[in-house]
Amino acid sequence: MQTHPTNNPHHRVITLIKPFLLLILMASRISSLSSSLSRSLPLCYYHLKKPPHSNLTFLPKHLRKSHPCPLWSSSFSLCLPPRRSSASRRRITTAASPTMAAVDQDNPLLKDFDFPPFDCVTADHVRPGVRALLKKVEDELVQLESSLEPSWPKLVEPLEKMTDRLQVVWGAVNHLKAVKDTQELRAAIEEIQPEKVKFELKLGQSKPIYNAFKAIRESSDWDKLSDAQKRIVESQIKEAVLNGVSLEDDKRDQFNKIEQELVKLSEKFGEHVLDATKKFEKLITEKKDIEGLPSTALGLGAQTAVSKGHENATAEDGPWVITLDAPSFMSVMQHAKNRSLRKEVYLAYITRASSGELDNTEIINQILKLRLEKAKLLGYNNYAEVSMATKMATVAKAEELLEKIRAASWDAAVKDMEELKQFAKDQGAPEADDLTHWDTTFWSERLRESKYEINEEELRPYFSLPKVMDGLFSLAKMLFGVTVESADGLAPVWNSDVKFYCVKDSSGSPIAYFYFDPYSRPSEKRGGAWMDEVVARSRVLSRDGASPRLPVAHMVCNQMPPVGDKPSLMTFHEVETVFHEFGHALQHMLTKQDEGLVAGIRGIEWDAVELPSQFMENWCYHRDTLMSIAKHYETGETLPEDIYLKLLAARTYRAGSLSLRQIRFASLDLELHSRYVPGGSESIYDVDQRVSQKTQVIPPLPEDRFLCGFSHIFAGGYAAGYYSYKWAEVLSADAFSAFEDAGLNDIKAVKETGQKFRETILALGGGKAPLDVFVNFRGREPSPEPLLRHNGLLAVSV
């Protein structure tokens, strides 16, 4: 509701909508990245993943920074030889040069390959492989700078070719660190990374290249360039300035030292979070201590116990090991009747990486200090202004949007808590009058079961991973006219559970490929869910000189693995997560943009990239789609109609509370990067407590150190950008409303609208300003009304 009192629902809705609309219309016509409404607890789950380093001008923006999606609470045995082109398959990467091949004949990173050799790359390959690539591109940069011509074929195309192989290899190495982490791989990356950053800074601060781009913009040929080419030129000029190209020598040296240190700190932050998550293990031997946990969680706990040396552990008799990995952690918070266990696990989660040798507190302080110094060197007042320089929003507009959503969510969240306390009291809970953080998720689940007669664990048998993927692929065929087929065996993979797929157009021709790594592996795999590119579509990097190189993506999730002879049985939230990540992948894979630097997810401003991912989540509530995936894994029975209707009704359950969690994270992020003074009278935890007074009905505990696990802004690309999740929700909700307007039961209309979505949102990539792309699809500029309606915060129509 509003910050001023009002009991008139029409007035309330109108006063919300008008400012929301003004926010969008007044925003710059350039955009960025975001994700969907959090459904769970302390830290974010899904995201578009981007490595947390590299401000390299000519590397696509999405490869420069890392991002997780909204905080939810966080193979072949032999290396395959180089593949040869065949009539049935196009090659998709660049070849290794003779110089590189001479460095190390046995290094898989330096061989010619169709798909990265994920199955045989080890830490020993990283140092020599990356060094050889760096030597090659450094030589090519010197040659390019000495013979520069300010034209597209003589400047942009050589740059794309020059940097591509390094991007592909570095992306593969960092991907392995995220999914198959080892101390040896960490050490190799830590050693070689400064050399890579040094090259990136040299390239990003190249005055000959910067001046050549400016010359293109000022030349008589400017009007002959396509919209995509103009976007690339403008972006490279802006990014060069943000990379310090205009700084004098002393200041540039200082800037470069800051960049190197920020890379180290971000890497260390992420490693501390992973190590702290892995470090916690709770062995439970008495079944009474784990009462309430569903059979799937008991099976996972026993399976984990077996892996820890308890060979005779069973789901029925234990022992069980609880961890802070998502499936285990959430099962305890939602279902454990043992309040002391919930408390112990919750406190362990919110204090991860906040003590001892894994303490991230000083790392956060240093990151904030250095980011502020960097901003000052570039002539900005704070780091938030630097961040916003490449986004749709400004600091003021982002804060205005967050306050409007906060005001709309607050009364609903207060009502949520009152209802929860009354329900707990009615159930005779001794903690009813003192509900706190380790109680709310448990009692929320009980209230949801009572109110809607839905038990998420009892729904798992209806959502087996194979059926969910079949239904998702059928939806993609219906909406976008593409077919997804298994291609296991075509590409090397990093784990035997990883699946590989080929995407084909209506003629049966391959147009993209993707990997899918679905299961949690807490001993080696980072938490959360994400999508990233392996290679991008590119005309310049065509293998045959005629057809563009095809895009390749990977999707990573952390859901419960198969237990015994049962397939992976998913919660409804995990279903939404898979749909979300597939939305990201679709934008990367279905692009028709041939300019590699703005193809797919490349070149799209931060607060717009979440549009297709959040858009795809809406289809989880579409009756025909849901019924196509909700088949009991044993009987084949379709989800009963009455349960579907209850799922639909429960969609906005506690929407106000969940919205406020996102507002807390986004507001805290902006506060730390715009007004906080590192080393001043307030600590980072003081700021969190202050921000939470307006964004949390139950304030954080004094010992809350969730900031020490906030990888989005300290080990990813969301610094002064977490607001993007809400910003893009306006776009995604309105995009889905186009299908609602067409009629969700009208297959012909849905297909026509789907094709339009494919030809605009999914096809145009970063080659056109996101707001222009949206208008091309929707026929008008965005409206916030669908977002309020979908979130249950629009009580009446205007």
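Here is a tour of this structure, stop by stop.

**Before you click**

You're looking at a predicted model, in which local features need pLDDT of at least 70 and side-chain atom pairs count only at pLDDT 80 or more, while totals for chains, interfaces and linings use all residues. Residues are numbered from 1 along each chain as its sequence is written, and side-chain values use heavy atoms, with hydrogens and water left out.

**Stop 1: the whole protein**

Colour everything by pLDDT, the predictor's confidence in each residue, from 0 to 100. The average for the protein is 86, and 86% of the residues score at least 70. Now select residues 1-99: here pLDDT stays under 50, although the model has 410 contacts beyond four places in sequence for them (a contact means heavy atoms within 4.5 Å). Where pLDDT is low, the predicted coordinates should not be read in detail.

Back in the cartoon view, look for 28 helices and 8 strands. Both are DSSP runs numbered from the N terminus: helices are H or I with at least four residues, strands are E with at least two.

Switch to the surface. Of the 798 residues, 64% are buried. Buried means under 20% relative accessible area, exposed means over 50%, and partly exposed is in between (1.4 Å probe, protein chains only).

**Stop 2: a strand on the inside**

Select residues 529-535, which is strand β7. How many of its residues are buried? The count is 7 of the 7, so β7 is largely enclosed by the rest of the structure.

**Stop 3: salt bridges**

A salt bridge is a side-chain nitrogen of Lys or Arg within 4 Å of a carboxyl oxygen of Asp or Glu. By this rule there are 61 of them.

Show Glu157 and Arg539, whose closest N and O atoms are 3.2 Å apart in a salt bridge. Glu157 sits in helix α4 (residues 152-179) and Arg539 in the loop between β7 and β8, so the pair ties together parts that are 382 residues apart in sequence. Glu157 is buried at 18% relative accessibility, whereas Arg539 is partly exposed at 34%.

Next, zoom in on helix α5 (residues 183-204), where Lys196 and Glu200 are 4 residues apart, about one helical turn. Their side chains form a salt bridge at 2.2 Å, N to O. Are they buried or exposed? Lys196 is buried at 2%, and Glu200 is buried at 3%.

For another example, go to helix α26 (residues 747-762), where Glu752 and Lys748 are also 4 residues apart, about one turn. Their salt bridge spans 2.7 Å, N to O. Glu752 is partly exposed at 48%, while Lys748 is exposed at 58%. Then select Glu399, Glu671, Arg675, Glu682 and Arg690 together: salt bridges that share partners join them into one network.

**Last stop: cysteines**

How many disulfides does the whole structure have? A search finds 0, a disulfide being a pair of cysteine sulfur atoms within 2.5 Å. Click Cys502, which is buried at 7% relative accessibility, then Cys708, which is buried at 0%.
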